[in-house]
Amino acid sequence: MRTNLQHGELNHEPAQPNAVRLAGRIQHTLISNALTEALWEAHVAECLKYKFHAAMIPPAWVQRTAQKLRGTGIRVASFVDYPYGTMTSRGKAYEAQQLVGEGAEEIDLMPNVGFLLSGMEKAYFDDIRGVVQAAGNVPVKIMLELPLLNPGQRDRAVALSIEAGVAYLKNASGGAVGVATPEDIRYLRRVAPSRIRVKASGGIKTPQQVRDLLEAGADLVGTSSGVRIMEELLHSADNPNLDNPQSRNSNY
């Protein structure tokens with residue numbers, strides 16, 4: 001077994017209850033088939049303003065985003081074969097290689113869930129492994145789609161993904177599949193080796209949800225409601241000024 005997680009990529013200490021530290025665990029997400037340049041520019045500006053962990057954007061915008069965020073400490077994240085996972089395995093690997101070449105620092109992968117549901121475990125494994133190999137040192141996060149799987153299938157999806165070399169286990173691709181729950185995150189944290197990280201995704205819209213998921217064991221949270229969450233946090237009297245560099249953990 002292997003993993004492509006980079007040492008020092010993420011501080012695994014428990015999250016602190018202030019806005020700055022929570023921002024450092026949020027991957028601010030903008031995925032749309034009507035994404036315009038103006039929307040992209042606004043998204044990047046939000047990432048810079050709130051100092052999110054990463055900007056999660058569609059593949060076609062990776063190169064521009066990498067150029068815009070170079071030297072800021074904010075990571076560039078994108079995805080392969082979302083939302084269906086039905087691209088050919090060779091096509092997925094090629095796409096991952098292209099994204100890395102254009103500046104993606106993290107890749108979220110949609111596997112072929114149908115392979116797993118059909119008992120085609122070798123095909124499921126090979127689909128994931130090809131992307132991990134193509135990504136090289138760039139961490140791959142697997143979208144497990146836990147709400148679609150029974151307990152036995154969940155265990156096999158996790159085991160095969162880890163064996164294939166993923167760096168992160170992700171409960172689901174997003175809210176269309178199911179809302180991220182502390183129970184699912186605790187399950188992933190329980191069954192995964194300590195070297196494997198966990199990302200929560202799906203219907204995350206409030207600061208309390210973020211706190212609950214981090215407390216359950218998530219290392220990162222993916223949400224399109226990052227700005228809303230930060231605005232609510234920053235209006236709380238007990239939070240530090242986001243622009244104070246002394247209040248930010250440099251490991252994020």
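Q: How many bridges join strand 7 (residues 197–201) to strand 8?
A: This is a predicted model, in which local features need pLDDT of at least 70, side-chain atom pairs count only at pLDDT 80 or more, and totals for chains, interfaces and linings use all residues. Residues are numbered from 1 along each chain as its sequence is written, and side-chain values use heavy atoms, with hydrogens and water left out. Strands (E, at least two residues) and helices (H or I, at least four) are DSSP runs numbered from the N terminus, and two strands pair if DSSP finds at least two bridges between them. Strands 7 and 8 run parallel, and the number of bridges joining them is three.

Q: Which residue of strand 8 stands opposite His28?
A: Strand 1 (residues 26–29) pairs with strand 8 in the parallel sense over three bridges. The residue of strand 8 opposite His28 is Thr223.

Q: Which residues of strand 8 (residues 220–223) point the other way from Leu220 and Gly222?
A: In a regular strand the side chains alternate between the two faces of the sheet. All four residues of strand 8 are buried, that is, under 20% relative accessible area with a 1.4 Å probe and protein chains only, where over 50% is exposed and in between is partly exposed. Leu220 and Gly222 point one way, and pointing the other way are Val221 and Thr223.

Q: How far apart are the closest N and O atoms of Asp126 and Lys122?
A: Both residues lie in helix 6 (residues 121–135), four residues apart, about one turn of the helix. Asp126 is partly exposed at 34% relative accessible area, while Lys122 is exposed at 62%. They form a salt bridge whose closest N and O atoms are apart by 2.7 Å.

Q: Why is the pair of Tyr50 and Phe52 called tilted?
A: Rings of Phe, Tyr and Trp (its six-membered ring) pair if their centres lie within 6.5 Å; planes under 30 degrees apart count as stacked, over 60 as edge-to-face and the rest as tilted. Both Tyr50 and Phe52 are buried. Their ring centres are 5.7 Å apart, and the pair is tilted because the angle between the planes is 45°.

Conventions. A salt bridge is a side-chain nitrogen of Lys or Arg within 4 Å of a carboxyl oxygen of Asp or Glu.
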